[in-house]
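Please open the structure in the viewer and display the whole chain as a cartoon. The tour begins with the chain as a whole and then turns to one helix.

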Amino acid sequence: MAAVCTPVSVVTAMDGERPHGTTVSAFASLSMRPPMILVALDHGSELLAIIRRTKRFGLNILGSTQPETATAFARKGPDKFAGISWTTVAGAPRLSGAPGWVVCDAASFTEAGDHTVVFADVRDASTGEGQPLTYFRRAFGTHTLLGAGLP
């Protein structure tokens, strides 16, 4: 699957006053009516346990200038938010500078292999300027537009 280009995002949630987050590349838009997304998290993820309990999470869609943020949230440990600028928006941590933001409520959970797929209802979303951060062949990159649009 390394040859499949994927967007890079950080899923975040609050555990009381403490923020949690992890980098994911397995997320997708699922439905327009109603607006839904899906995201896959490792069965043993502490973040997954928090989302199961609270139901609310944020999806921070990273920009091409944020590979260090993706790396920080991909590592293990409790201090992933150290040195990261963030605010709480609609009950979920929003990372500063992320050009895409989605607030979700978990609707259902399905176990698949060593991950759990979270199907979620979109409660709010916004986009900003910037190119997306992508992951391809085990390296970060970005998307390049080839033309003005499709005919």
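Select the whole chain first. Of its 151 residues, 38% are buried, that is, under 20% relative accessible area. The model is a predicted one.

Colour the chain by secondary structure next. The cartoon shows 2 helices and 12 strands. Followed from the N terminus, the elements run β-β-β-β-β-α-β-α-β-β-β-β-β-β. The radius of gyration is 15 Å, close to the 15 Å that the globule rule gives for 151 residues, so the chain is as compact as a globular protein of that length. Along the principal axes, the C-alpha atoms fill a box of roughly 45 × 35 × 30 Å. Among contacts with a separation of 6 or more, 63% join residues 24 or more positions apart.

Colouring by charge brings out 13 positive and 12 negative side chains; the centres of the two sets lie 3 Å apart.

Return to the cartoon and select helix H1, residues 46-54. Which residues of H1 are buried? They are Leu47, Leu48, Ile50 and Ile51. Turn the view to look down the axis of H1: the buried residues fall within an arc of 160 degrees, so they line one face of the helix. In an α-helix, residues three or four places apart point the same way, because there are 3.6 residues a turn.

Key. Residues are numbered from 1 along each chain as its sequence is written. This is a predicted model: local features need pLDDT of at least 70, side-chain atom pairs count only at pLDDT 80 or more; totals for chains, interfaces and linings use all residues. Side-chain values use heavy atoms; hydrogens and water are left out. Helices (H or I, at least four residues) and strands (E, at least two) are DSSP runs, numbered from the N terminus. The radius of gyration is taken over C-alpha atoms; the globule rule is 2.2 Å times the number of residues to the power 0.38. Buried means under 20% relative accessible area, exposed over 50%, partly exposed in between (1.4 Å probe, protein chains only). Contact means heavy atoms within 4.5 Å. Lys and Arg count as positive and Asp and Glu as negative; His and the chain ends are not counted. The place of a charge is taken as NZ of Lys, CZ of Arg, CG of Asp or CD of Glu. The arc is that of the directions from the helix axis to the C-beta atoms.
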